Amino acid sequence: MKFLAYSKWDIVPVLCGLAHFAFVLTFFAVFPIAPWWLLVCMGFTYSVSISWNINGISHNFLHNPYFESHLLNRIFSLIESLSMGFSQTFYEYVHQRHHMGNSDRPDENGETIDWLSIYRHGHDGEAESAWSYVFLGYFRDDPKAIYREIARRSQGDAFWGVFEIAAFLTFFVLLGFLNWHFILFFLPFYYFGHCLSYLNGYYLHYGGNPDKPIAWGVSSYHKLYNWLWFNNGYHAEHHFRPKMHWTKMDEFHRQIAEQQRREGVRVIVPPHALGFLDPSLPEKSRPLQPELDAMSSSTPAQINS
């Protein structure tokens, strides 16, 4: 019987997802005896691991579920929900809308298809401030709206999403009941971790072109980042071919690299979470001009600026 649905390499993110959950349990277990400096380090490690999981393990899982068995996929989805404190099923639907809209700009009614669009709460066709996107994004989800949309498609998925929410809330309440000092210490790092995920998400599209499929996303080819984040840096490629397996992204990039260059796909040097440090970062989220258009109307110095 086939165990993994797509690739033998999926065992790596599966084991990392299990390790993430084990880390949460270990964090709780050592809290009464560990020195404060170690607890702070573990707290920040947990924060970073939320963004790492959401943008790597969890993200690839929702596009290409790791297991052949539907039951195993449900179990892994639940473990992910407990590790990060949200419903993996609800995240899957929100992310589907993300790919439907591809960080689109608001329509005449001020609405975007993509609920995660960096333009959704912006003004004058520009992306909103990174500060508000990062620190307010966690509070903008509407669980009722997400549930209604999922239920239209599948009552079973809607039920499972609610179960995941109830499960992680029960899990957190149980941890707080057993040691309320721990949960008070833990929750700020939990929130900060989701902020880091929104920071990563912001620069996945800042400077991309919402009107051009090949340039919907912004890519980073930082080797260590892509090795640790399961090729999340190939984001322009991912939005161009969302169902492509994470192990094939580098090969796909090489196939379309020349087309990307001609069409003005934005590439940043650092990992996306550090996108604000990129030396070519535009002052506002404006897409690159396609190379041919730019060459016809600009000098070489202007093209490279």
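The model is predicted, and local features were considered at pLDDT of at least 70, side-chain atom pairs at pLDDT 80 or more, and totals for chains, interfaces and linings over all residues. Residues are numbered from 1 along each chain as its sequence is written, and side-chain values rest on heavy atoms, with hydrogens and water left out.

Helices (H or I, at least four residues) and strands (E, at least two) are DSSP runs numbered from the N terminus. Helix 1 comprises residues 11-30. Its 20 residues should span 28 Å at 1.5 Å a residue, and this agrees with the 28 Å between its end C-alpha atoms; the expected span is 1.5 Å times one less than the number of residues. A residue is termed buried under 20% relative accessible area, exposed over 50%, and partly exposed in between (1.4 Å probe, protein chains only). In helix 1 the buried residues are Pro13, Val14, Gly17, His20, Phe21, Val24 and Phe27. These residues lie on the same side of helix 1, because they cover an arc of only 150° around the axis, the arc being that of the directions from the helix axis to the C-beta atoms. Their cover includes helix 2 (36-63), helix 3 (70-84), helix 7 (155-178) and helix 8 (180-203).

Phenylalanine 23, also in helix 1, is partly exposed, with a relative accessible area of 22%. Contact denotes heavy atoms within 4.5 Å. When neighbours within four places in sequence are left aside, phenylalanine 23 is in contact with Met42, Thr45 and Tyr46. Between phenylalanine 23 and leucine 71 the separation is 48 residues in sequence and 24 Å in space, C-alpha to C-alpha.

In soluble globular proteins, nonpolar side chains tend to be buried together. A nonpolar core is a set of buried Ala, Val, Leu, Ile, Met, Phe, Trp, Tyr and Cys residues joined through side-chain atoms within 4.5 Å. The largest such core has 25 residues, and Phe171 and Phe186 have the most contacts inside it. Two or more residues of this core are given by each of helix 1, helix 2, helix 3, helix 7 and helix 8, with the largest share, 6 residues, coming from helix 2. Beyond its neighbours within four places in sequence, phenylalanine 171 is in contact with Phe21, Val24, Leu25 and Leu82. Another core, of 21 residues, lies apart from the largest one and has Tyr93, Ile118, Ile146 and Tyr198 among its members.

A disulfide is a pair of cysteine sulfur atoms within 2.5 Å, and by this rule the count is 0. The sulfur of cysteine 41 is 20 Å from the closest cysteine sulfur, that of cysteine 195, and is therefore too far for a bond. Cysteine 41 is partly exposed, at 42% relative accessible area.

Serine 219 belongs to strand 1 (residues 219-220) and is buried, with a relative accessible area of 0%. A polar atom of its side chain lies 3.3 Å from the backbone nitrogen of histidine 235. Residues in contact with serine 219, neighbours within four places in sequence aside, include Gly233, Tyr234, Arg266 and His272.

Positive phi values occur in two loop residues. Serine 103, in the loop between helix 4 (88-101) and helix 5 (130-136), has a phi near 55° and is buried at 2% relative accessibility. Asparagine 231, in the loop between helix 9 (223-228) and helix 10 (235-240), has a phi of about 65° and counts as buried at 17% relative accessibility.

Technical notes
Polar contact = N/O pair within 3.5 Å; in protein donor to acceptor, adjacent residues only side chain to side chain.
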